Amino acid sequence: MLKHLRTFKGGFRFKNYPGQAKPLLSLAELPLRVLIPLSRSSKAEVKPLVKKGDIVFAGQIIGKDAADILSPAHASVNGIVEDIKYPKESKSESAIIVIRSSDTSRQVKPLGGQLASWQKLNNEKIKELIFLSGALGLPADSSGKITQIIVQETASEPYNYSLDLILEGENTLNFIAGINILKKIMPSAQVNLVFSRKNKKIINEISKLTAHLDWFNLCTVEPKYPQGCQQVLLSTLLQKKIPHGGCASDIGVILLSAEEVLAVYDAVALGKPFIEKIVALSGPSFKENIHLKVRLGTPLHEIIEGRLKSDESIRLILNSLFTGQELKALLSPIDKTFAQIIAIADSKGREFLAFARPGCRQDSYSRAFLAHWLPGIKKSVDTNQHGEERPCISCGFCEYSCPAMIIPHLLVKYVRKEIIDEILINYEIFNCIECGLCSFVCPSKIPLLKYIQEGQKKLLAEGFHVKK
Amino acid sequence: MKIIRTALKKIQAVIEKNKYLNPLKPILNAADEALFGTDKINIIPHITDYLDIKRFMFMVVIALVPVVIASVYFWGLRVLAVIAVSYIFGGLVEVGFAIVRKKEIHEGFLVTGLIFPLILPPGVPLWIVAVGIMFGVIFGKEAFGGTGRNIFNPAIVGRIFLSVAFPRIMSVNWQVPFSSGWGGLAHYQNTIDAIVKATPLVLFKNQGIVTPWINMLLGSGAGCIGETFRIGIIAGGLFLIFTKIVDWRIPLAYLITAPLFALIGNTFFHSHLAAPAFQLLSGGLLLGAFFMATDPVTSPFTKPGKWVAGVLLGILTALIRGFSGYVEGVMFSILLVNVFTPLIDSVVLKLRYKTQ
């Protein structure tokens, strides 16, 4: 069933950013070395099954958890285990298996037990295949507990990878098969696809293919930031809220991306371990904005080498200009969280009389620049702050743009005055979803999100509890 | 451009070395940043909006340009001198406080310094302008801790101070506007003989004469420097609302309530309260509603609070105009509602967050 969802209050629609990744896919060369981290979360880690000097093949499980809860680690190339690096003093760094690639074959050995006509497999086998492939970690007892499966591709960020590319050709059918597989192992779940309204072609295709399924909803949304944020998505789709500090599966929901659904299909029907990922190269500082298929564990520098423009200083950002972290360590490996790498100019030169310019390329929440009336011109994008920090004038932009419906400037005034008490909780400081829009829109350039996070931290440190 | 930049750098080096000149740093920084923008970069989020406070205030100044041009046409080139005096003396106070406090110079003054002369009578002596703006900036803004902390609109504080302290000067300097040819663009000011015209509000209060609305709209009536060219004010106000620089709620509530209240009042107190259209187009109502009541710092920040403030403003304006000894209903009502702003906001917040 095709549904158009009403958009949420607040938010901002980012249009026309230069350097969107085109729907072109190229295979990245096999890396010389891959680095396979064994950590699964800040505390949990899988145990290595190989030792230095072992010969491994692409797709081989080289790290495993004794209780089979954490998803296993795979070798992503054929090669030799060169080293296993354990963290020494630093606690944050996890153990890493380094594999030196030994041949150029792209062949990947199947997991075994897969079946192209997957309907004949029993649920236990399907779950095992999904688990062994590392496609996704299903919560324990997922068959009964999960009531909603949400596949979200809202494309609401300034930069988004191309869904057209991911669901190209036969992948659309595989994607639907993947959804059917998930429905088979979680029979009580409703499946919701939340796609950006702009992906008309795919929406048409999928709605034709799924018209007969009564457990299937195809929802379209306006690609307004931060529609893709979990909390916003759940409240627009299901009118549900995740309690602060909790996760989606607490309320019986799992959230997936289209690529993960495809990985489920690949694992169950083709026996393919999840060792390859599509990463978009976005932003004007890349020479070419394309998508790359890369092996997991490839060090970042092998991907970006030769692909960046060299005449300016560049900041590399993971996935999101708003919530993504800056990629500073170029030796660190690509992992499953990489969906795109954004490269934008860092600290572009200062502009003469910036405040008095017509601003044909200046993006703004207000309509104070000509760019608002010139939809055909690409916006300019860099990490400059575009103004000095000033006292808050209560213009209200942060409140109007806030998707969580809190009043950021009010909270920040309290936090800055070191008034850390119940009043902050009463003003719903813990409803903040950390989308960063308040810091973006502020004309006084106040880092509101930073102060809100600081306030939350101080509140918790002083023993206040989140109101449920 | 490069010449300016190197010059600034050289001056900076001199100031750094000389400890007596050190306090002048804010001036240099302000010049540097105004000309070339900032070089600070973001951490998270990685990008920020291009709108900054300079642009914010600059937009208000742009919105006032038609009004300023029209007022030069009506009252002569002397208007420019009045504006210059306001900017210079107000600016001196602003810079002085920035130096003493060792803080940056803030841009809010760009707007205050321009609005203040627009709400003075055309024949106002220049020394009065200087006194008024200095009083307004010191007691309306800096005494509270500077931009963002003031309770009152500094321009209104200055204006009311002048009305109360120098009532004679402030009420007899009404001139007859130029209305033909090059008008004030070719003259310094209108001849002294012409100074005997009362404003429409005074005419109504004393003699019950209602000025035709078309005269008021185009600005051929008497009045303060910037309040008579009402088409320009409306255009500027809509421009600001359209660009989201000011919120539409207060002007809308204000401009509906004032005539509505006048309509009700007019049926009962015919001689006191003028008809709605006259209320709307006379005095500083439009200028006040679009440019002063909307000052984000001194008006409520909550949306319901904005409605409340607008309605209060409308009622107070009509009441003061009709029943008090003054005709300047707009500035008194804005000052009064400024006082209530924190209260309005805190009541709204209490109601909004009560149930949780």
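Me: How many residues does the contact take from chain A and chain B?
Reply: The contact takes 68 residues from chain A and 51 residues from chain B. Contact means heavy atoms within 4.5 Å. This is a predicted model: local features need pLDDT of at least 70, side-chain atom pairs count only at pLDDT 80 or more, and totals for chains, interfaces and linings use all residues. Residues are numbered from 1 along each chain as its sequence is written, chains are lettered from A and ligands numbered from 1 in the order in which they are written, and side-chain values use heavy atoms, leaving out hydrogens and water.

Me: And what area do chain A and chain B bury between them?
Reply: About 5600 Å², with 57% of it on carbon and sulfur atoms. Buried area is the accessible area (1.4 Å probe) that two parts lose on being put together, summed over both.

Me: Which three residues supply more than any other three on chain A's side?
Reply: Arg350(A), Phe355(A) and Ile393(A). They supply 15% of the area that chain A buries against chain B.

Me: How many salt bridges are there between chain A and chain B?
Reply: The count is 3. A salt bridge is a side-chain nitrogen of Lys or Arg within 4 Å of a carboxyl oxygen of Asp or Glu. Arg352(B) and Glu399(A) form a salt bridge through their side chains, at 3.7 Å from N to O.

Me: What about the classes of residue on the side of chain A that touches chain B?
Reply: That side has 33 nonpolar, 20 polar and 15 charged residues. Ala, Val, Leu, Ile, Met, Phe, Trp, Tyr, Cys and Pro count as nonpolar, Asp, Glu, Lys and Arg as charged, and the others, Gly among them, as polar.

Me: New topic. Is Tyr159(A) buried or exposed?
Reply: Tyr159(A) is buried, because its relative accessible area is 1%. Buried means under 20%, exposed over 50%, partly exposed in between (1.4 Å probe, protein chains only).

Me: Where is Tyr159(A) in the chain?
Reply: Tyr159(A) is in the loop between strand E10 (148–153) and helix H3 (163–166) of chain A. Helices (H or I, at least four residues) and strands (E, at least two) are DSSP runs, numbered from the N terminus.

Me: What does the side chain of Tyr159(A) reach at 2.6 Å?
Reply: The backbone oxygen of Pro18(A). Tyr159(A) also touches other residues, including Tyr17(A), Leu321(A) and Val381(A).

Me: Last one: is Thr341(B) buried or exposed?
Reply: Thr341(B) is buried, at 7% relative accessibility. Thr341(B) lies in helix H16 (residues 329–352) of chain B. Leaving out residues up to four places away in sequence, Thr341(B) touches Thr298(B), Ser299(B) and Pro300(B).

How values were computed: A polar contact is a pair of N or O atoms within 3.5 Å; within protein, one must be able to donate a hydrogen and the other to accept it, and residues adjacent in sequence count only if both atoms are side-chain atoms.
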